[in-house]
Amino acid sequence: MSYRFTLEPYKGVSTRHTCPNCHRKSCFAKYIDMEKQISFPDYVGRCNHEQKCGYNYTPKMYFDENPMAKERLSEEFVPVSKPRVSLPPVPSFIEPEIMRQSLKLYHTNKLFQFLSFHFGQEATEELMLRYHVGTSKHWPGATVFWQVDISGRVRTGKVMLYNSENGRRIKKPHNYITWVHSLLKKENFNLRQCLFGEHLLSSDQQRPVALVESEKSALISSFYLPQYLWIASGGKNGAFNRDAMSVLRNRRVLLFPDLGATDYWNSKMEMIRSLGIEVFLFDFMERNATKEERDAGYDIADFLLREETKEAIFNRLVTLNPALKTLVETFDLQPVNVEKAPLSATVQRTRKGLFKR
């Protein structure tokens, strides 16, 4: 049986004792067992005054004089295993075919119905397919936001139910949100979330990245402001950590926090920059929002949707007068484009100012 001994570390004069030989205070260091299995008497130690005192009573001297003590310790000694530095567990994945089977039945999808009103069915379907957004039967008309990492592996899917008229999440009588791996009853599933839309990073390395909180906001913003590659953290916390954010290394990133979350996201800037990411924060909304907008927790998508598209204007008019749709289809008329409103213009100016290269 072997032991490792050393003098107790110096952490100020309060950690030194009175020497049993010269009786000077704060100059005596005790020997300790590095495995913390042995407690020596107070006189086993060394005096700092080597020339004038020279007292040094070692553990070997103690055991030589007290052989029974060493024998007893050998019998009682239980090896203590040192903690191993373990790597994070490998993330679990879901079969890609399960995701592919959900990329249909959009006409029943409540979020698709809402976005189609604003963008038209063709543009909305293109958005859904590009971002790997599916339809779930768990709740009729529910949406699945698949998390596909930069290597194309499916981490999981977040299932949520929306109101088709206002695009808001349904939270009553309960919060309609769950995970695909839970619905599939995957045992020992190790969920490590990635950014929503992360799979787009590998094929689009030039556009600056815009990071928002919600998946729905990423879809809406990408329609209005396609000069950015829009991705989502999946909530205020979500995938907002070093592991998930590391895929943005060497990218230019503009953060778009929800109202009320700007200070929190600003506190993450140092961590993000430490990963080699050129990052800026868009705080125009925080500086200019009304009290009502703050109370409602608006995000950039809420502001952008105020900038009515030609599709939204047309659909609103058709709701008031259904005969208008027949007229447009009969004469193959096309709605005119709508001029960009102030927020879109502000975001565009921000891009030009921050990302000049």
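This is a predicted model: local features need pLDDT of at least 70, side-chain atom pairs count only at pLDDT 80 or more; totals for chains, interfaces and linings use all residues.
Strands of a sheet pair through backbone hydrogen bonds, and the pairing is either parallel or antiparallel. Both kinds of pairing are found here, as the next descriptions show.

The antiparallel case involves strands 1, 2 and 3. Strand 1, residues 5–7, is joined by three bridges to strand 2, residues 28–33, and the two run antiparallel. Within this pair, L7 has Y31 of strand 2 as its bridge partner. Strand 2 is also joined to strand 3, residues 45–47, again by three bridges and in antiparallel fashion.

The parallel case is an open sheet of four strands, arranged in the order 9-8-10-11. Strand 9 (229–232) and strand 11 (278–281) each have a single partner strand and stand at the edges, so one side of each lacks a neighbour in the sheet. From one strand to the next, the twist averages 25°. Strand 8, residues 209–212, runs parallel to strand 9 and is joined to that strand by four bridges.

Helix 7 itself deserves attention. This helix spans residues 215–224 and is mostly covered, with nine of its ten residues buried. Among the buried residues are E215 and K216 at one end of the list and S222 and Y224 at the other, with A218, L219 and I220 also included.

Another helix packs against helix 7. In general, two packed helices are described by the angle between their axes and the distance between the axes. For helix 4, residues 110–119, and helix 7, the angle is about 20° and the axes are 12 Å apart. Angles under 35 degrees count as roughly parallel, and helix 4 and helix 7 are therefore roughly parallel to each other. Helix 4 passes helix 7 in a right-handed crossing. On the side of helix 4, the contact is made by L111, L115 and F119, while helix 7 contributes K216, L219, I220, F223 and Y224. Of the residues in this contact, seven are nonpolar, none is polar and one is charged. The spacing of such residues can be read with a general rule: an α-helix has 3.6 residues a turn, so residues three or four places apart point the same way.

Methods
Residues are numbered from 1 along each chain as its sequence is written. Side-chain values use heavy atoms; hydrogens and water are left out. Buried means under 20% relative accessible area, exposed over 50%, partly exposed in between (1.4 Å probe, protein chains only). Two strands pair if DSSP finds at least two bridges between them. Axes are lines fitted to C-alpha atoms, for helices over the stretch in contact, and angles run from 0 to 180 degrees between N-to-C directions. Angles under 35 degrees count as roughly parallel, over 145 as roughly antiparallel, 65 to 115 as roughly perpendicular and the rest as oblique. A crossing is left-handed if the near helix is turned anticlockwise from the far one by less than a right angle, and right-handed if clockwise. Contact means heavy atoms within 4.5 Å. Ala, Val, Leu, Ile, Met, Phe, Trp, Tyr, Cys and Pro count as nonpolar, Asp, Glu, Lys and Arg as charged, and the others, Gly among them, as polar.
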